[in-house]
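Here is a short walk through the charged pairs of one protein model. Keep the sequence and the 3D view open as you read.

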Amino acid sequence: LHCPAMPEPSILQPVLLVPIAAIVLAVLVWRRVLTRDALAGAPGRSIGLGFADVVIGVGLTVIGMAFFGVAAGALGLAADAEGPPAMAVATVLVSQLCVQAPPVIYFIARARAASDGVAGLRRVGLVPTRPIRDLGAGVVGFCVAAPVVLGVLVATGAVATLLGRPPDPVGHELLGIMLDPRAGLQAKALLAVAVVLFAPILEEVIYRGLLQSSLVEALGGRRWTAILLTSLLFAVIHLPSVEPHAIPGLVALAVAMGFLYERTGSLWPSILVHALFNATNL
């Protein structure tokens with residue numbers, strides 16, 4: 001039977017995301033969300049961090065990358081996450097263990113040392129004190145950030161196309177596993193766990209928890225400066241996995257997550273936004 005193709009609903013046309021993003025940004029400016037005053041009453045979490053902790057965090061990551069290269073070679077994994085889907089997923093999990101776990105452990109140790117055990121973890125937002133509020137903040141944050149991030153990605157993708165470098169339909173190299181006919185259900189399920197659960201928790205603890213907190217203290221409480229610097233680093237570190245035109249969108253996403261962390265004092269709203277964004281892409 002021949003079924004004529006149904007036209008896509010106009011609301012799903014990607015180009016509409018650009019004006020939607022502009023409207024959301026206009027509302028945020030109107031409501032003075034993107035101002036210094038918006039973070040004036042934000043909760044403090046000083047635990048004695050500084051530039052030394054930024055250096056240590058980055059150093060542990062670099063050492064972890066070197067160790068990952070050795071471990072990947074010993075285990076016969078593809079260090080560039082290529083090859084059979086099962087091997088690519090295993091590579092991702094080993095990479096998270098080698099590269100991201102050490103700075104996370106360091107941050108937890110610093111937080112525990114600053115106060116008496118759990119109190120330090122609660123101060124830096126690792127242990128939630130208001131889980132219902134954190135859940136609501138994460139959902140609202142995602143609903144606000146998603147159209148802005150997607151609008152930026154559509155706009156930068158259009159510019160890349162005009163420059164003769166049209167973007168790949170698959171935005172992240174790992175997402176290609178979901179389309180690989182060789183990938184079984186187990187490989188896809190493990191990828192979903194790595195991308196939607198492990199990555200948001202590990203990356204938010206590293207970038208928002210350790211790096212952003214260290215910069216806030218080192219810069220004398222200049223929260224927006226710390227958010228922007230951390231967001232740029234967060235975006236640039238993803239360059240091996242995404243196309244250059246995606247960097248502005250990742251910066252926008254990171255700014256939203258950094259703002260949520262400063263505004264609530266908890267890491268869980270930003271972790272939820274990160275998880276929902278990754279799940280949407282997946």
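Buried means under 20% relative accessible area, exposed means over 50%, and partly exposed lies in between (1.4 Å probe, protein chains only). Arginine 223 has 16% relative accessibility, so this residue counts as buried. The model is predicted: local features need pLDDT of at least 70, side-chain atom pairs count only at pLDDT 80 or more, and totals for chains, interfaces and linings use all residues. Residues are numbered from 1 along each chain as its sequence is written, and side-chain values use heavy atoms, with hydrogens and water left out.

Arginine 223 belongs to helix H7, residues 223–236. Helices are DSSP runs (H or I, at least four residues), numbered from the N terminus. Which residue does arginine 223 pair with in a salt bridge? The partner is glutamate 262, with the closest N and O atoms 2.4 Å apart. Glutamate 262 sits in helix H8 (residues 247–264), 39 residues away from arginine 223, so the pair links distant parts of the chain. Glutamate 262 is buried, at 0% relative accessible area. A salt bridge here is a side-chain nitrogen of Lys or Arg within 4 Å of a carboxyl oxygen of Asp or Glu. Arg45 joins Arg223 and Glu262 in a salt-bridge network.

The structure has seven salt bridges. One of them joins arginine 110 to aspartate 53 (2.9 Å, N to O). Arginine 110 lies in helix H3 (residues 85–114) and aspartate 53 in helix H2 (residues 51–75), so this pair ties together parts 57 residues apart in sequence. Aspartate 53 is buried at 5%, whereas arginine 110 is partly exposed at 21%.

Terms used:
Helix = DSSP H or I, 4+ residues; strand = E, 2+ residues; numbered from the N terminus.
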